[in-house]
Amino acid sequence: MDTLMFLGTGDAMGTPRVYCGCSVCEEARTSGTNARLRSSVLVDSGDDFFVIDCGPDWRRQMESLGIRVMRRLLVTHGHFDHIGGLPEWADACRWTGIKGELYAPAEVIPVILRQYPWLGSHIELMPLDEGIMLDGWQIATWRVNHGKNGYSYAFRLEKEGYAWVYCPDSISLRDEETRLMREADLLVLGTSFYYEEAELSTRSVYDMTEAAVLLADVQPRRAIYTHMSHDVDLRKAYDLPGNVELARTGMRISLGR
């Protein structure tokens with residue numbers, strides 16, 4: 001059975017934040033329960049793997065697992081916390097002699113190449129708007145609202161009757177944006193705060209109270225929250241729906257019934 005591993009569970013800045021002395025950041029510097037690298041996951045089939053998103057902590061994430069070669073990557077959108085590790089991956093592809101495969105929505109590829117125009121020498125960038133198959137997973141993608149930060153994409157992956165969705169950056173989704181989320185076996189959703197007090201027009205990711213409303217609508221069998229800021233303290237017991245848990249770095253779950 002395939003497994004899903006959380007390489008990183010943090011928001012764009014990660015935890016601890018270098019300037020911050022809050023209790024969560026201080027704990028992250030010591031025992032490390034709340035230490036969070038930028039959000040990314042690895043899907044392991046047993047014979048091979050692929051990764052979703054490649055932020056600036058990619059090298060550290062690969063080193064922690066002893067991984068020397070990564071061939072395949074999916075990218076949700078072109079923000080730095082999701083593509084900041086691409087130069088290091090390209091350099092690894094160069095020195096290991098492989099041609100990396102990067103799959104992203106067509107409109108995201110030019111954004112990536114504007115930032116890193118040399119990537120094409122070592123990585124093939126391929127659109128996945130029409131869907132792709134990787135390790136038996138049929139993967140579909142669609143655009144989702146990212147609030148003040150514009151847009152991102154979500155992925156729905158289906159294999160042998162099991163369906164799960166990865167959506168780390170979204171907020172205030174409309175009905176058409178939640179269609180492929182509905183009744184999934186698993187929804188991995190970004191929730192940067194438990195309750196964010198900032199005015200909605202200034203925000204870009206769900207908080208956990210809003211996510212509970214979304215879950216009641218789309219009704220996944222199970223949900224895991226990721227992309228968490230230093231507002232979230234894993235030592236606390238939050239009031240969450242019964243089918244929800246908070247992701248932890250290194251957490252592994254089975255993808256199948």
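This is a predicted model: local features need pLDDT of at least 70, side-chain atom pairs count only at pLDDT 80 or more; totals for chains, interfaces and linings use all residues.

Residues are numbered from 1 along each chain as its sequence is written, and side-chain values use heavy atoms, with hydrogens and water left out.

Strand S9 spans residues 151–159, where strands (E, at least two residues) and helices (H or I, at least four) are DSSP runs numbered from the N terminus. Seven of the nine residues of S9 are buried, buried being under 20% relative accessible area with a 1.4 Å probe and protein chains only. On one side, S9 pairs with strand S8 (residues 137–145) in the antiparallel sense over eight bridges, pairing requiring that DSSP find at least two bridges between two strands. The hairpin of S8 and S9 has five residues between the strands, and Gly147 there takes a positive phi near 60°. S9 also pairs with strand S10 (residues 162–167), again in the antiparallel sense, over five bridges, and this hairpin has two residues between its strands, with Glu160 in the turn at a positive phi of about 50°. Leu157 of S9 is the bridge partner of Ile139, and Leu157 also stands opposite Trp164 in S10.

Ser39 is found in the loop between helix H1 (23–29) and strand S2 (40–44). Why does Ser39 count as buried? Ser39 counts as buried because its relative accessibility is 2%. A polar atom of its side chain lies 2.8 Å from the backbone oxygen of Gly10, and the side chain of Ser39 also reaches the backbone nitrogen of His227 at 3.2 Å. Beyond its neighbours within four places in sequence, Ser39 is in contact (heavy atoms within 4.5 Å) with residues including Asp53, Tyr166 and Thr226.

The largest pocket has a volume of about 330 Å³. Of the 20 residues that line this pocket, the closest to its centre are Ala12, Asn149, Ser192, Ser204 and Val205. A pocket is an open set of points on a 1 Å grid over the protein atoms alone where a 1.4 Å probe fits, with protein on both sides within 12 Å along at least five of seven lines, and lining residues have an atom within 4 Å of a point. The volume is the space filled by probe spheres set on the points, which are joined across faces, edges and corners. The second largest pocket has a volume of about 180 Å³, and its lining includes Trp58, Met62, Trp89 and Thr96.

Key
Buried means under 20% relative accessible area, exposed over 50%, partly exposed in between (1.4 Å probe, protein chains only). A polar contact is a pair of N or O atoms within 3.5 Å; within protein, one must be able to donate a hydrogen and the other to accept it, and residues adjacent in sequence count only if both atoms are side-chain atoms.
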